[in-house]
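Subject: Structure for your review

Dear colleague,

Please find below the structure that I am handing over to you. My notes on what was found in it follow.

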Amino acid sequence: MRNRLTKLLVALALTSTANAQNPIIRNQFTADPTARVFNGRVYLFPSHDIPAPEDYARKDWFCMADYHMFSSNDLVDWTDNGVIVSQEQVPWGNPKGYSMWAPDCIQHNGKYYFYFPDGAKPQEGRRGGGFGIGVAIADNLFGRGGGQLFKVQEKPVAGIGGIDPCVLQASNGKNYIFWGMGGLQGAELGEDMMSIVEGTTVRFNNLPGEGLKEGPFAFEYNGNYYLTYPSVFKNGETEQLDYAMSKNPLGPYEYKGTIMQKHQSGCWTNHHSIIQFKDQWYLFYHHNDYSPKFDKNRSACIDSLFFNADGTIREVKATKRGVGISDARKPVQIDRYSNIGGGASIEYHDTTDYFKGWYTKFPKTGSWVTYNKVDPKSSMAKNVCMKVRTKAAATMKLQLGKYVATLNIPSTNGIWKEINVATATAIPSGVSDLKLSVVKTTAPIEIDWLSLSENPRMVYFNRVQSTAAAAKPDANGFIRRWMLLEPIVKPNRSNTIYTNTYLRSHFYKKYFDNQLSIMPTDGQEVVAKPQDENGIDGEQKLKWHAVESTLFNTKLFRFSSWLEKTEYGVMFWGVTVIDCPQEIKNVRLSAGSNGASMWWLDGKEILLLEGDRRMVQDDGNSGLLTLKKGRNVLRFAVVNGPGMSDLCARFVDENGKPVTNFNITLK
Amino acid sequence: MKKSLSILLFGAALFGNVNTASAQAGYPFIHDPSTLVECDGKWFTFGTGGGGLISEDGWHWDMKAERPGGGAAPDAIKIGDRYLVVYGATGGGLNGGHSGRILTMWNKNLDPKHPDFKYTTAIEVASSDGMEDCDAIDPGILLDPNTGRMWVSYGTYWGNIRLIELDPKTGERVKGNKALDIAIDCEATDLIYKDGWYYLLGTHGTCCDGVNSTYNIVCGRSKQVTGPYLDNMGRDMKAGGGRMVVAAGDRVNGAGHFGRTVLDEGVEVASLHWEADLDQSGRSVLGIRPLLWKNGWPYCGERLKEGTYAIISERRGYSLELTVDFVRMNVQRVGGGFGRNVDPNAPVVKIPYQTLDEVKSVWPKEDIIDVRCSDYMMRPHQAWTITAVPEAGGYLSNPYFKISINGTDRVLAANDKKEVSTTEKYTGADNQLWRIEQLTDGTYRIMPKAIPGIPGINKEYVIYTTSDSNVALCKYDFNSDNSKWNLKKFE
């Protein structure tokens with residue numbers, strides 16, 4: 001299931017994750033982040049922690065089956081460029097080894113060399129195959145359509161039994177490889193880039209510290225070579241990032257100190273890389289933010305790094321804020337604060353799914369957070385949109401540099417709500433630090449995020465209580481009240497396939513029980529199941545929601561956004577009841593949809609809108625129908641790839657005039 | 001016979017000069033061309049992703065324009081002695097997402113070779129946050145001729161089309177101006193004004209799918225620039241309404257990103273791109289079509305195709321013809337008494353057209369034969385063959401044409417007495433080349449490329465009816481039917 005989805009995402013030209021704060025990748029685990037700069041763009045090559053699958057016995061250990069590549073122009077917006085090497089592709093590797101530890105990638109003579117550790121194939125008569133360093137070579141980092149570009153070489157680098165490779169391209173024109181296994185080692189890399197020069201292997205045994213040293217990252221700056229590495233300095237403790245300096249690539253190295261202290265959370269490992277990008281140095285490292293109870297599922301983070309005049313490195317403090325400027329038109333996750341006080345704290349949204357992230361809790365008057373470097377981009381912003389949960393109205397203060405605004409926060413009756421709060425004056429554009437504090441409250445205020453924008457955020461749907469009175473169509477006859485099913489994920493990269501034949505076959509596949517007769521209640525669950533290869537993306541548990549659209553059209557895309565469900569590559573089902581006080585003859589259903597749709601009245605197909613459609617009022621209509629006295633069940637299915645799913649529907653008479661003399665119920 | 005002719009034509013289409021086909025000549029490759037602007041006698045248009053096209057004459061284009069900032073679907077306008085360029089830039093990530101920005105910048109001259117060519121720093125005038133129902137790219141400018149106020153519409157399928165007001169002096173957003181939603185369901189919009197109506201033109205259909213791209217341009221209109229923009233059915237563009245302005249046809253498909261250029265009173269062209277030109281490997285090319293108006297609605301005219309036409313005056317409905325003796329067709333009138341004394345059972349025969357050979361001998365054996373207007377009778381001296389002369393260059397919408405009597409080398413030519421006559425041999429001289437443009441009412445104006453005795457390229461004089469029967473070269477006047485002609489397929 002995951003695999004098919006990944007394929008879809010790659011095909012859709014790669015997903016973009018949100019603003020960079022720590023961790024920087026928020027939909028999967030990313031450990032041992034090796035960052036490199038190629039042609040002005042930052043590329044990230046992390047290990048890929050996954051929960052242990054069934055065929056992997058060590059449920060409490062690290063488990064890594066492939067490598068993704070990520071990239072960014074600004075360290076803020078990261079794109080997942082998909083899987084570049086997986087364990088099944090390694091000719092000498094164990095296809096079920098799950099030992100793809102820290103990798104590295106360099107650009108050399110117009111090609112890209114990706115170095116990665118893997119467990120060797122178990123051999124007859126021997127227990128384990130040991131570890132090797134594989135090489136995969138690519139001419140380009142991107143192919144058309146996200147194709148596989150890295151070609152894994154037949155054999156690992158000869159002469160290395162270890163993991164965590166790092167390649168240093170020294171100014172003397174030579175290349176050096178470093179790795180870990182029983183301490184740190186290094187050697188000169190042969191001209192083929194796939195062997196080491198005999199007799200050059202060095203073990204760095206003189207470095208202080210009692211415990212494990214691993215994951216070396218070596219680089220050159222200002223005439224100095226740096227060997228940096230995670231180190232258990234005192235037995236029984238966890239890893240810190242230490243470093244040593246030398247005038248020669250292979251040492252001898254002199255120990256200089258610590259780059260990053262042990263994680264306070266107890267996360268046992270840390271592993272890192274250091275790059276210069278646009279005149280600033282950065283430390284990439286990892287922490288287990290998205291897996292607080294299991295520190296072998298880790299996530300990459302970035303903080304700025306500075307050198308002293310003598311070439312030594314200043315200690316880096318791990319922050320939640322990370323680096324980069326946050327575009328304040330998009331939600332700013334203030335739970336990734338720069339500083340926090342007055343009793344404010346952060347909490348997970350969902351401790352069964354940590355990837356849902358955090359919110360900030362302001363328990364009382366005087367609680368505050370700061371978040372540095374935000375840019376509202378527009379100088380017209382007079383609106384603060386926030387996702388808030390509180391039980392009492394409150395007053396907060398927003399500061400952006402010298403700009404101050406008072407925010408009157410209404411009560412949300414204890415449920416999460418997106419609210420729009422107007423500011424008295426326009427928020428200036430430009431980069432400044434944000435501070436949000438509570439001026440007055442009688443109840444805790446919880447904030448998921450806030451954004452600064454010109455336009456208030458729309459509310460598209462209201463929930464319909466089961467006790468609600470029947471609705472009428474609106475003045476133009478549009479039906480706005482529906483029972484909508486959460487979208488069925490049905491990956492599809494394009495809308496060009498929606499021919500009549502395709503739609504007729506796909507709308508009539510069975511996705512869930514009684515799909516053409518069910519009259520569900522609000523909150524009722526169904527399980528959508530794939531029937532065949534061309535169906536939906538795995539088994540899906542979905543809920544029905546009784547809703548009323550605030551617009552004449554029913555913006556299914558926003559129904560998805562509202563419920564934080566999949567927005568593209570989906571199929572929607574909806575049903576409503578047209579309750580007529582008396583029979584209405586000679587009417588047509590007149591509808592529009594984005595994308596293709598099929599419509600049924602009392603189980604009988606009445607309309608198909610095929611092709612790559614946009615939502616246009618009266619785009620198509622049915623033949624003449626009779627709405628009988630009493631209940632008439634109107635049902636639709638809409639399927640869409642990359643589009644803003646939407647529909648509008650009304651009944652019109654023979655002259656195209658709207659029919660409004662009926663009630664709409666969901667019973 | 002008919003069959004072999006169509007095979008011949010098919011062959012010509014395959015092997016002929018593709019540049020005389022549907023698209024502009026040269027290297028007209030572009031997506032989302034900005035409204036054409038003229039600078040120092042050259043035409044400019046900018047496209048998505050940066051760059052753009054330059055043309056000396058409006059027909060032959062080269063990919064030599066420069067526009068920094070990248071991004072999507074720019075528009076451009078001349079204000080005073082400066083040019084304002086507006087474009088949309090998307091935010092971070094490879095995809096850009098839907099957080100867009102609309103930016104404006106000025107330039108004193110659009111020619112990269114000119115010393116004054118230098119863009120000012122682009123300033124942001126609108127944005128979208130990537131989540132709201134708007135994608136702030138694809139801007140289109142209107143400078144309202146009534147009020148002098150400047151408006152920009154922007155947005156894509158991803159939510160609403162929005163309208164903002166800019167200060168035409170600075171290119172900045174007018175202080176306190178609030179963006180208005182004016183349409184859904186389209187992209188690459190543009191606003192135009194004509195005769196008391198504001199028109200919003202949007203691109204509908206599927207973009208960027210080559211020969212399968214259904215992109216087309218639709219419009220709605222409003223008495224107020226702020227809308228509501230309603231289509232011919234009274235349907236609001238905020239509900240997806242729109243009346244067709246131009247779609248596929250003539251070996252091109254996927255019309256997108258409308259721009260209107262008024263060349264003269266009653267002479268308008270629409271600039272757009274075709275997603276695919278079937279004659280040029282399905283590449284995306286610049287298209288320029290005459291823009292016509294009917295009952296207050298704009299629509300694109302057809303490209304003028306080579307062929308044999310009757311040229312009929314709008315003034316009287318007479319046909320342009322050689323001043324030669326009328327040769328009667330020797331066909332006995334059937335029956336007398338106004339056709340009543342005809343045997344209804346007598347066999348019916350088809351009478352062939354009078355041929356050139358039947359009349360040529362009575363035509364004067366002179367180099368120059370004058371032209372006049374007279375009753376259209378489907379005769380050889382009224383049959384004008386219009387042939388493109390692409391090597392002679394062109395103007396917006398067409399190459400120059402030669403106009404000859406069908407089956408001969410005798411061509412229409414302007415002379416130094418501001419008259420029109422014919423000459424026996426075609427030499428390719430400028431006074432034998434004709435600019436033919438369809439006017440907003442569907443008629444045509446026909447003007448010589450040059451007039452002997454008047455220096456330079458002629459941009460004023462057209463073939464003009466001075467009486468029902470006589471023509472001369474006079475200044476074009478859209479308000480006089482003397483300036484106008486209809487082209488009717490000759491038969």
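The domain bounds used here come from an automatic or database domain assignment. On that basis, chain A is divided into domain 1 (16–305), domain 2 (326–453) and domain 3 (461–665). Please bear in mind throughout that this is a predicted model.

Domains

In chain A, the C-alpha centres of domain 2 and domain 3 lie 37 Å apart. Chain B is divided into domain 1 (16–300) and domain 2, the latter made up of 307–330 + 351–489. The C-alpha centres of these two domains of chain B lie 36 Å apart.

Where domain 1 and domain 2 of chain B meet, 22 residues of domain 1 are in contact with 17 residues of domain 2. On the domain 1 side, the elements that give two or more residues are β18 (252–264), β19 (267–277) and β20 (283–294) of chain B. The largest share of that side, six residues, is supplied by β20(B). By class, the residues of domain 1 of chain B that touch domain 2 of chain B divide into 10 nonpolar, seven polar and five charged.

Contact between the chains

Chain A and chain B each bring 28 residues to their contact. On the side of chain A that touches chain B, there are eight nonpolar, 10 polar and 10 charged residues.

In soluble globular proteins, nonpolar side chains tend to be buried together. The largest nonpolar core in this model has 81 residues, and those with the most contacts inside it are A:F114, A:A218, A:L227 and A:L283. Strand β7 (residues 111–119) of chain A gives the largest share of this core, five residues. Leaving aside residues up to four places away in sequence, A:F114 touches A:I84, A:V85, A:P103, A:C105, A:V135, A:A136 and A:F150.

A helix with one buried face

Which residues of helix α2 (residues 500–507) of chain A are buried? They are A:L503, A:H506 and A:F507. Seen down the axis of α2(A), these buried residues fall within an arc of 90°, so they line one face of the helix. An α-helix has 3.6 residues a turn, so residues three or four places apart point the same way. The face of α2(A) turned away from the buried side carries the exposed residues A:T501 and A:S505.

Strand pairing

Strands of a sheet pair through backbone hydrogen bonds, either parallel or antiparallel. In chain A, an open sheet of four strands runs in the order β10-β11-β12-β13, with antiparallel pairing. Its edge strands, β10 (163–169) and β13 (202–203) of chain A, each pair on one side only. Strand β12 (residues 184–188) of chain A and β13(A) are joined in the antiparallel sense over two bridges, and the bridge partner of A:Q185 in β13(A) is A:R203.

In chain B, strand β33 (residues 461–465) and strand β34 (residues 471–475) pair in the antiparallel sense over five bridges. Together, β33(B) and β34(B) form a hairpin with five residues between them. Within this pairing, B:Y464 has B:A472 of β34(B) as its bridge partner.

With kind regards

Definitions and conventions
Residues are numbered from 1 along each chain as its sequence is written. Chains are lettered from A and ligands numbered from 1 in the order in which they are written. This is a predicted model: local features need pLDDT of at least 70, side-chain atom pairs count only at pLDDT 80 or more; totals for chains, interfaces and linings use all residues. Two residues are in contact if their C-beta atoms, placed from the backbone, lie within 7 Å. Ala, Val, Leu, Ile, Met, Phe, Trp, Tyr, Cys and Pro count as nonpolar, Asp, Glu, Lys and Arg as charged, and the others, Gly among them, as polar. A residue is buried if 20 or more other C-beta atoms lie within 10 Å of its own, exposed if 12 or fewer, and partly exposed in between; C-beta atoms are placed from the backbone. The arc is that of the directions from the helix axis to the C-beta atoms. A nonpolar core is a set of buried Ala, Val, Leu, Ile, Met, Phe, Trp, Tyr and Cys residues joined through C-beta atoms within 7 Å. Two strands pair if DSSP finds at least two bridges between them.
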